[in-house]
Amino acid sequence: MANTKEIQDRIKSINDTLKITNAMYMISSSKLKKSKKMLADTEPYFFTLQSEMSRILRHLPDMEDIYFKTNEDKLPEDRKVGYIVITADKGLAGSYNHNILKMAEEHLKNHPNHSLFVLGELGRHYFEQRGIEIEKQFHYTVQNPTLNRARNIAEEILELYLHNELDEVYIIYTSMINAIQEETQMSQLLPLKKADFTVQIPIDIPREELALKPSPEAVMDRIVPNYVVGFVYGALVESFSCEQNARMMAMQSASNSARDMLAELDILYNRARQAAITQEITEVIAGAKSQKKKRK
């Protein structure tokens with residue numbers, strides 16, 4: 001059994017760690033509330049864009065546009081595929097980063113003709129250590145997602161797409177299912193699919209008339225880039241929210257484990273203290289008996 005000094009040192013060390021985990025939990029909780037508010041404040045605008053795109057496609061289902069091309073003229077292995085991977089800048093978030101990197105690596109292996117775009121320090125270090133080429137490193141901290149950063153990312157991706165340097169673009173991020181569950185997913189960012197914007201309207205509901213000037217294609221070419229910006233921004237904010245939620249759960253688990261260890265160490269400390277006291281009493285009694293014998 002360890003002596004009381006060793007046990008006290010371990011208790012102090014765990015208490016110091018417990019203070020850190022509690023502080024990190026509170027910080028992540030504050031950031032999570034902030035990110036949810038950011039997403040809620042911008043969602044109406046981008047949902048309106050999506051609704052307008054649905055209206056245009058409902059009236060002009062056969063409209064040809066570069067943002068809705070099918071790439072049927074190219075074999076899957078000949079298509080240049082871009083992957084935007086959103087990871088965290090820091091660890092201590094459970095399996096959050098592991099799940100993202102695992103999914104990204106699987107898809108990169110299946111599509112050798114790819115371009116990789118990474119956000120987050122952990123993702124950059126991970127791919128660099130494995131010798132996987134990164135086409136573009138967006139040196140933005142994912143700890144502070146902003147609409148301006150999302151616009152800069154989307155503009156670079158759109159430029160590559162419009163110049164036929166990318167045939168398809170996917171974004172890998174983490175979405176929050178509920179307060180305790182999150183899911184890593186991959187969504188196709190470009191080209192867009194008309195089926196995703198199709199809304200079934202009952203026959204007896206009259207359709208409104210639309211005046212699209214100078215042309216439907218020009219209107220769509222103006223709306224789609226903003227929609228892509230909104231999608232990227234939503235993925236950044238949702239990933240940030242999931243990271244904070246994962247870190248909160250990890251810190252809560254660590255704090256609970258620390259408290260369990262402290263309870264066990266408290267019992268060990270009391271036992272060691274009792275054993276020391278018993279040893280001292282035994283030594284005193286033995287000394288007294290020895291002195292008594294000498295007097296006789």
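The legends below describe close-up views of a predicted model. Local features need pLDDT of at least 70, side-chain atom pairs count only at pLDDT 80 or more, and totals for chains, interfaces and linings use all residues. Residues are numbered from 1 along each chain as its sequence is written, and side-chain values use heavy atoms, with hydrogens and water left out.

**View 1. Helix 2 and helix 3 cross at roughly 45°.** Helices (H or I, at least four residues) and strands (E, at least two) are DSSP runs, numbered from the N terminus. The axes of helix 2 (residues 96–110) and helix 3 (residues 121–129) come within 11 Å; axes are lines fitted to C-alpha atoms, for helices over the stretch in contact, and angles run from 0 to 180 degrees between N-to-C directions. Helix 2 contributes N97, L101, A104, E105 and L108 to the contact, and helix 3 contributes L122, G123, Y126 and F127. Contact means heavy atoms within 4.5 Å.

View 2. The buried residues here are G123, R124, Y126 and F127; buried means under 20% relative accessible area, exposed over 50%, and partly exposed in between (1.4 Å probe, protein chains only). G131 follows helix 3 and has a positive phi, near 70°.

**View 3. Helix 4 spans residues 147–162.** Its 16 residues reach 22 Å from the first C-alpha to the last, close to the 22 Å expected at 1.5 Å a residue; the expected span is 1.5 Å times one less than the number of residues. A150, I153, A154, I157, L158 and Y161 are the buried residues of helix 4. They lie on the same side of helix 4, because they cover an arc of only 130° around the axis.

**View 4. N164 lies in the loop between helix 4 and strand 4.** Its phi is near 60°, a positive value in a residue other than glycine. Most residues other than glycine have a negative phi. N164 counts as exposed, at 52% relative accessibility.

**View 5. A cis peptide bond joins L190 and P191.** Omega is about -10° at this bond. Most peptide bonds are trans. P191 sits in the loop between strand 5 (181–190) and helix 5 (216–295).

**View 6. E243 is a buried residue of helix 5.** The relative accessibility of E243 is 1%. With neighbours within four places in sequence left aside, E243 is in contact with A88, K90, A93, Y96, V142 and Q143.

**View 7. P112 is in the loop between helix 2 and strand 2 (114–119).** P112 counts as exposed, at 69% relative accessibility. P112 and L49 are 63 residues apart in sequence and 34 Å apart in space, C-alpha to C-alpha.

**View 8. N178 belongs to strand 4 (residues 168–178).** N178 is partly exposed, with a relative accessible area of 33%. From N178 to K33 there are 145 residues in sequence and 14 Å in space, C-alpha to C-alpha.

How values were computed. The arc is that of the directions from the helix axis to the C-beta atoms.
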